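Student: Hi! Could you walk me through this protein, and explain the terms as we go?
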Amino acid sequence: METLETKIENGIGWIILNRPDKLNAINLKMLEELEAEAKKFEENSEVKVIIFTGNGKAFSAGADISQFKELNSISAWNFAKKGRKVMDYIESITKPTIAMINGYALGGGLELALACDFRIAAAETSLGLPEINLGIYPGFGGTQRLVRTIGKARALELIMTGDKISASDAERIGLVNKVVPLSSLKEETIKFASRLMEKSPIALAILKTVVLYGNDSPLLDGLNMESLGWGVAFSTEDEKEGVNAFLEKRKAEFKGK
Ligand code: COA
């Protein structure tokens, strides 16, 4: 692969952005490879959790600005649509996804992190959407996902000022779930992923769908999705195992069936 490294280790599918000399700037090739590799991991039953991270000192410094010179309004629209589609796809994966933010998460890099379920950041890093300084604004879903993650006023502040904020400020406003020193980032992220891997993957998949799509629907539709999905969970062996394990005072062993 030209722009990514991937591996599967102990149930975790790793997708590692790999253009470190360009701070993992996201070009068209990286978008294509991200979509293809995420799809492979979604379909591979060996993979229980997917972690996105970056090689070098950045998670990603955003869309590759060197490609912007050639863009006109139609090709820019298509590039944004392509990026958005890839982020939409990543968000739709029914397995848990984690952005392990090892360094700068800026622009499209932060938008990729926003398409993941969880963001765990190194204390030393900074995050932001600096596109306004180029006379544009986030185009890979950031205007919509950031508002839904941290609310309108804070989202507009980040998008309109283009300010980079520290990981601890990002945690304070709910942009990241957890901040840890870079030296323990991998260990802490794996620890968190391992906790998710102990749960029923079917229940995780159903509830992720209900939370994601229910939230963007009228309340009654979301509540109905919740009840329907709750009923579906009762058709699984994992539900029987979870309830029996509780009643028998032992730890449940979920099989994803
Ligand atoms: N697109 C393309 N190339 C990028 C890039 C991007 N988004 N971000 C960084 N790079 C490249 C730089 O051009 C440089 O390449 P070079 O060595 O061939 O000149 C290399 O990555 C290292 O970046 P550099 O700027 O020298 O690192 P730095 O530590 O001084 O600064 C940043 C780091 C993140 C503050 C700075 O690179 C930056 O502001 N990047 C752009 C962020 C942005 O606007 N993102 C939104 C894009 S829409």
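Tutor: Happy to. Let's begin with surface patches: a patch is made of residues with over 30% relative accessible area and no salt bridge, where like charges are joined within 9 Å and nonpolar side chains (Val, Leu, Ile, Met, Phe, Trp, Tyr) within 5 Å. Accessible areas come from the Shrake-Rupley method with a 1.4 Å probe, and for residues only the protein chains shown count as cover. A salt bridge is a side-chain nitrogen of Lys or Arg within 4 Å of a carboxyl oxygen of Asp or Glu.

Student: Before we look, what kind of model is this?
Tutor: This is a predicted model, in which local features need pLDDT of at least 70, side-chain atom pairs count only at pLDDT 80 or more, and totals for chains, interfaces and linings use all residues. Residues are numbered from 1 along each chain as its sequence is written, and side-chain values use heavy atoms, with hydrogens and water left out.

Student: Okay, which residues form the nonpolar patch on the surface?
Tutor: Ile65, Leu134 and Ile136 form it, and together they have about 250 Å² of accessible area.

Student: Where is Ile65?
Tutor: Ile65 sits in the loop between strand 4 (58-60) and helix 2 (73-92). Helices (H or I, at least four residues) and strands (E, at least two) are DSSP runs, numbered from the N terminus.

Student: And how does Ile65 count in terms of accessibility?
Tutor: Ile65 counts as partly exposed because its relative accessibility is 46%. Buried means under 20% relative accessible area, exposed means over 50%, and partly exposed is in between (1.4 Å probe, protein chains only).

Student: Is Gly62 buried or exposed?
Tutor: Gly62 is buried, at 2% relative accessibility. Gly62 is also in the loop between strand 4 and helix 2.

Student: What is Gly62 in contact with?
Tutor: Contact means heavy atoms within 4.5 Å. Setting aside neighbours within four places in sequence, Gly62 contacts Asn24, Ala25, Ile26, Leu106, Gly107, Gly108 and Gly109. Gly62 and Ala105 are 43 residues apart in sequence, and their C-alpha atoms are 7.3 Å apart in space.

Student: New topic: the inside. Which residues touch the most other members of the largest nonpolar core?
Tutor: Phe52, Ile101, Leu146 and Leu175 do, in a core of 45 residues. A nonpolar core is a set of buried Ala, Val, Leu, Ile, Met, Phe, Trp, Tyr and Cys residues joined through side-chain atoms within 4.5 Å.

Student: What does Leu146 touch?
Tutor: Not counting residues up to four places away in sequence, Leu146 touches Leu114, Leu129, Gly151, Ala155, Leu158, Ile159 and Leu175. There is also a second, separate core of 13 residues, with Trp14, Val49, Ile120 and Val180 among them.

Student: Now helix 8. Which of its residues are buried?
Tutor: In helix 8, Leu204, Ala205, Ile206, Lys208, Val210 and Gly214 are buried. The buried residues of helix 8 pack against helix 2, strand 5 (97-101), helix 7 (185-197) and helix 9 (219-233).

Student: What span should helix 8 have?
Tutor: The expected span of a helix is 1.5 Å times one less than its number of residues. Helix 8 (residues 201-215) has 15 residues and should therefore span 21 Å, which agrees with its end C-alpha atoms being 21 Å apart.

Student: Back to salt bridges. How many does a search of the whole structure find?
Tutor: The search finds 18. One of the pairs is Lys39 with Glu43, whose closest N and O atoms are 3.0 Å apart.

Student: Where do Lys39 and Glu43 lie in helix 1 relative to each other?
Tutor: In helix 1 (residues 28-43), Lys39 and Glu43 are 4 residues apart, so about one helical turn separates them. Lys39 counts as partly exposed at 40% relative accessibility, whereas Glu43 is exposed, at 59%.

Student: Which pair links distant parts of the chain?
Tutor: Arg148 forms a salt bridge with Asp216, the closest N and O atoms being 2.9 Å apart. Arg148 is in helix 4 (residues 142-150) and Asp216 is in the loop between helix 8 and helix 9, 68 residues apart. Arg148 counts as exposed at 54% relative accessibility, and Asp216 counts as exposed at 52%.

Student: Which residues do salt bridges with shared partners join into one network?
Tutor: Those are Arg84, Asp88, Glu91 and Arg145.
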